[in-house]
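Subject: Structure for you to look at

Dear colleague,

I am passing on the structure we spoke about, with the sequence alongside. Please open both before reading my notes.

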Amino acid sequence: MPTPVSASLPQGVAARWRHLGRLVRLPNLLIMALCLTLTQTCLLFPQQPLQALLSERFLLLLLATLCVAAGGYIINDYYDVKIDAINRPGQLVVGHSVGRRAAMVAHLILSLEGVLVAVVLSRVVGVVTLGAALLLWGYSARFKRLPLVGNLSIGLLTAALVLLPELLQRTGSTAVWAYALAAFLLTVVREIVKDLEDMRGDAAHDCRTLPLVIGIARSKWVAGLFLASLGWLVTAAVGEGFVAGYWRLGLWLLGAVLGPMLMMAWQLPRADRKRHFAQLSLLCKLIMLAGVLSMLVLGR
């Protein structure tokens, strides 16, 4: 018996919204918004968080950043249709639910809007945002297929995300720069792990990612070096937190960040299957979320 139009319409609308959320990586955008919000309210203006959060300049910065990021995710899917058909066949949106031309137009509109808003806010923020938009395009079109170049590109973009509120406000906060460095190091680790996870699809399309150029074992060593550098940074932050009397921050970093990092350091050399690298990638996400939430602990 045919489905009534009134019954199928809501399902079609819901499916369209799901596809849109998957296209722009809605969970990732929400984490970015959380990171910007906590940087603004906990690191830069802990004495007046609500006023800082509702600041017109900050809200425009948030809009600009999320627009450029969403555009970056769209252009990445645009260029990765064939590779994702092998690596993530159940998650295809561009070329399946959204046409390639529509995806390109959406990318251009979102990126242009984000850059224009950023330029209005500040020359420095505008230059950084324009650089981020161009780097996202370059990463999607070429850099991600080169050994380590793509990994470092995404690391720089993540660090820039953390730095944007400071670049706008110029408060002189050193904590923001420390968080940006930590974000850079962890992101590079995760990007290398993702390359290890996606070797089959990348090899089928002549991508020269790090594992395909220097091998799995050496790629693990490179990821391990970045992870060790991050471990040194977090350990120093734990020690400084205890010395300065920030016991909550020290304990949080010790248990929620450094602990999972040690677990990852144990699992990384032993990983040899796609599901192992997928688990390590998820662990990186959890560590990153714990790091972002540590700003909330610091701001209390």
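This is a predicted model: local features need pLDDT of at least 70, side-chain atom pairs count only at pLDDT 80 or more; totals for chains, interfaces and linings use all residues.

I began with helix H7, which covers residues 123–141. At the start of H7, a side-chain oxygen of serine 122 comes to within 3.2 Å of the backbone nitrogen of valine 124. The buried residues of this helix are Val125, Gly126, Thr129, Ala132, Ala133, Leu136, Gly138, Tyr139 and Ser140, and they pack against four helices, namely H4 (56–79), H6 (100–121), H8 (149–169) and H9 (174–197).

Turning to the annotation, the UniProt record, an unreviewed entry, places the feature "transmembrane region" at residues 26–46, 58–75, 114–139, 146–164, 176–193, 221–243, 249–268 and 280–299. I looked at two of these spans in the model. Residues 58–75 are 100% helix and 0% strand, with end C-alpha atoms 26 Å apart, while residues 221–243 are likewise 100% helix and 0% strand, with their end C-alpha atoms 33 Å apart.

Within helix H8, I would draw your attention to threonine 158. Its relative accessible area is 17%, and because buried means under 20%, threonine 158 counts as buried. The side chain of threonine 158 reaches the backbone oxygen of isoleucine 154 at 2.9 Å, and, leaving aside residues up to four places away in sequence, threonine 158 touches Ala183 and Thr187.

Finally, two loop residues deserve a careful look at the backbone. Leucine 148 lies in the loop between H7 and H8, and its phi is near 70°, a positive value in a residue other than glycine; with a relative accessible area of 24%, leucine 148 is partly exposed. Arginine 170, in the loop between H8 and H9, also has a positive phi, near 55°, and it too is a residue other than glycine. At 56% relative accessibility, arginine 170 counts as exposed, because the cut-off for that class is over 50%.

Technical notes: Residues are numbered from 1 along each chain as its sequence is written. Side-chain values use heavy atoms; hydrogens and water are left out. The expected span of a helix is 1.5 Å times one less than its number of residues. Buried means under 20% relative accessible area, exposed over 50%, partly exposed in between (1.4 Å probe, protein chains only). Contact means heavy atoms within 4.5 Å. A polar contact is a pair of N or O atoms within 3.5 Å; within protein, one must be able to donate a hydrogen and the other to accept it, and residues adjacent in sequence count only if both atoms are side-chain atoms. UniProt positions are given in the numbering used here, feature names are shortened, and annotations may be inferred rather than shown by experiment.
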